[in-house]
Amino acid sequence: MGRKKSKAKIIEHVRITGTADKGRSVGRDQDGQVIFVEHVAPGDVLDVIIVRKRKGFMEGVPKSFHKYSDHRIAPFCEHYGVCGGCKWQHITYQAQLMHKEKVVKDALNRIAHIEPGTFYPILASEKTAYYRNKIEFTFSNKRWLTRYEIAAGKSNYKNVLGFHRPAAFDKIVDIKHCFLQSEPSNQIRNTIRQIALEQKLSFFDIREQKGFLRNMILRITTLDQVMLIISFAEDDAEKRSAYLDELLRRVPGIDSIYYCINAKPNDFILDLDLQLYHGNEFIEEMLGDVRFRIGPKSFFQTNTRQAVRLFDVVKEFAGLSGDENVYDLYTGIGSIGLYLAKDCRQVVGIEEIGPAIEDAKINAALNNIDNTVFYAGDVKNILTHDFARQHGRPDVLITDPPRAGMHPKVVQMLLELEAPKIVYVSCNPGTQARDLAVLNEKYRLEKIRPVDMFPHTHHIETVALLVLRENR
């Protein structure tokens, strides 16, 4: 006899009290146990179907609502709740900002145990739609089905182009209109799909590891320059040329087209040889009065307009007078360092990714900036006392580490260098708070400001100013 399926547990009248990681919201049962729920809003009261129990918390999905939050609004995208992106579309933008600000405050209180001198209000994004300059889509021969489509017996075998559904690596949500990137983004993607269907080209099957079309990346700058990168899983020059030539005939305004052949098990293409098929080797973007060349492998802030505002906060906190020696850690392509170069004596940048440093040098030359020097390598290995003796003690040290925060060796080195000011830019309030707690030994948190780079998501950037304590 087969094992009888256990009945799903339902917890009634759960009040949603706040937001959590990965776009979820949080409530508690009558015993005080935490429940994470998707597609709800703080203020909702609902019955929750528990789908997963973990140590210390549960995960669930909505069953029925008793009361809707005052912060709720109608999502504007037809793909909301299915594609897995823009998870906060059902919450007013003002409420999103309020909850993001609270996340930063909670991290400072609970992790760092620090009270900043000044906590500035979160800097809202001027654009809450069509704000990304880079976006990636995936070809697949299997479409994600909703539970209603599954119940209706629909087949998931269909050639589609869109986004990965979270936790469903082998199925793609077919995207008709995406509100993340401005036109001609939707026109290009829909044309790419249509030509592929007309030419009867095979879409990639990730389980079988076969198919012709695999991925596409689209960059569109605020200067209206467009770069397309197509990843093919098979090297067929005749089919490739027929496909790309037809795309150029229908959408002639694409400035640059690259392609690569990716027969690897994963979708990562930065380790592959990218071939220029049409147009320019790079496109250009502006951050303030600094012009950047962007190649197919370049890292660049994905929200250009808000990046300028973020950098202006960095500049304000740094308080440059023109004679400072500035260290820029985790500099990437040197975007912050180059943005500040005209306001200081020297910028010394360090970045682990070698090609990004090459981009930084190229962009410095492009803008006739001659007071910058960039080094490729792990910050924890390069930033030493010998390095500081060679380049001079920093007057202002800017650090913009990845989500994991700074390596403990780097934090310790910052304490030893004793730069008068540290401007800490972070995309993770939790790891930033962890590092601030250690730096608190010698530094006081003068001020901090969250910046919303990604509306309708849980992601937050923060800029913090640390000032060296005078009486140590």
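Analyst: Happy to. Keep in mind that this is a predicted model. The second largest cavity has a volume of about 80 Å³.

User: Which residues are closest to the centre of the second largest cavity?

Analyst: Thr 138, Phe 139, His 164, Phe 204 and Ile 206 are the closest to its centre, out of 13 residues that line the cavity. Strands β7 (134-142), β9 (168-174) and β10 (213-220) each give at least two residues to that lining.

User: How do the residues of that lining divide by class?

Analyst: The lining of the second largest cavity has five nonpolar, four polar and four charged residues.

User: And what volume does the largest cavity have?

Analyst: About 110 Å³. The largest cavity has 14 lining residues, and those nearest its centre are Cys 77, Cys 83, Cys 86, Gln 89 and Cys 178. By class, ten residues of this lining are nonpolar and four are polar, with no charged ones.

User: How many cavities does a search of the whole structure find?

Analyst: Four, counting those of 30 Å³ or more.

User: Is Cys 178 buried or exposed?

Analyst: Cys 178 is buried, because its relative accessibility is 7% and the cut-off for buried is under 20%. Cys 344 also counts as buried, at 6% relative accessibility.

User: Let's switch to pockets. How much space lies in the second largest pocket?

Analyst: About 1,200 Å³. Its lining has 30 residues, and Glu 38, His 39, Val 61, Gly 81 and Arg 165 lie nearest the centre of the pocket.

User: Which element supplies the largest share of that lining?

Analyst: That would be β5, with six residues. At least two residues each come from β3 (34-37), β4 (45-54), β5 (57-67) and α2 (147-151). In terms of class, the lining of the second largest pocket has 15 nonpolar, six polar and nine charged residues.

User: Nice. Now rings: how many aromatic pairs are there?

Analyst: The count comes to 16 aromatic pairs. One of them joins Phe 232 and Tyr 259, with ring centres 6.3 Å apart and planes at 70 degrees, so this pair is edge-to-face.

User: Where do Phe 232 and Tyr 259 lie?

Analyst: Phe 232 is in strand β11 (residues 226-232) and Tyr 259 in strand β12 (residues 256-261), so the contact ties together parts that are 27 residues apart in sequence. Phe 232 is buried at 0% relative accessible area, and Tyr 259 is buried too, at 14%.

User: What about Tyr 327 and Phe 387?

Analyst: Their ring centres are 5.9 Å apart and the planes sit at 75 degrees, so that pair is edge-to-face. Tyr 327 belongs to strand β16 (residues 325-329) and Phe 387 to helix α9 (residues 385-391), so parts 60 residues apart in sequence are tied together. Tyr 327 is buried with 0% relative accessible area, and Phe 387 counts as buried at 6%.

User: Which residues form an aromatic cluster?

Analyst: Phe 212, Phe 232, Tyr 243, Tyr 259 and Tyr 277 form one.

User: Last one: which lysine lies over the face of Phe 212?

Analyst: Lys 239, at 4.6 Å from the ring centre. Elsewhere, Lys 105 lies over the face of Phe 119, at 4.9 Å from the ring centre.

Note on methods
Residues are numbered from 1 along each chain as its sequence is written. This is a predicted model: local features need pLDDT of at least 70, side-chain atom pairs count only at pLDDT 80 or more; totals for chains, interfaces and linings use all residues. Side-chain values use heavy atoms; hydrogens and water are left out. On a 1 Å grid over the protein atoms alone, a cavity is a set of points where a 1.4 Å probe fits but cannot get out, and a pocket is an open set with protein on both sides within 12 Å along at least five of seven lines; lining residues have an atom within 4 Å of a point. Grid points are joined across faces, edges and corners, and a volume is the space filled by probe spheres set on the points. Helices (H or I, at least four residues) and strands (E, at least two) are DSSP runs, numbered from the N terminus. Ala, Val, Leu, Ile, Met, Phe, Trp, Tyr, Cys and Pro count as nonpolar, Asp, Glu, Lys and Arg as charged, and the others, Gly among them, as polar. Rings of Phe, Tyr and Trp (its six-membered ring) pair if their centres lie within 6.5 Å; planes under 30 degrees apart count as stacked, over 60 as edge-to-face and the rest as tilted. Buried means under 20% relative accessible area, exposed over 50%, partly exposed in between (1.4 Å probe, protein chains only). A charge sits over a ring if NZ of Lys or CZ of Arg is within 6 Å of the ring centre and within 35 degrees of the ring normal.
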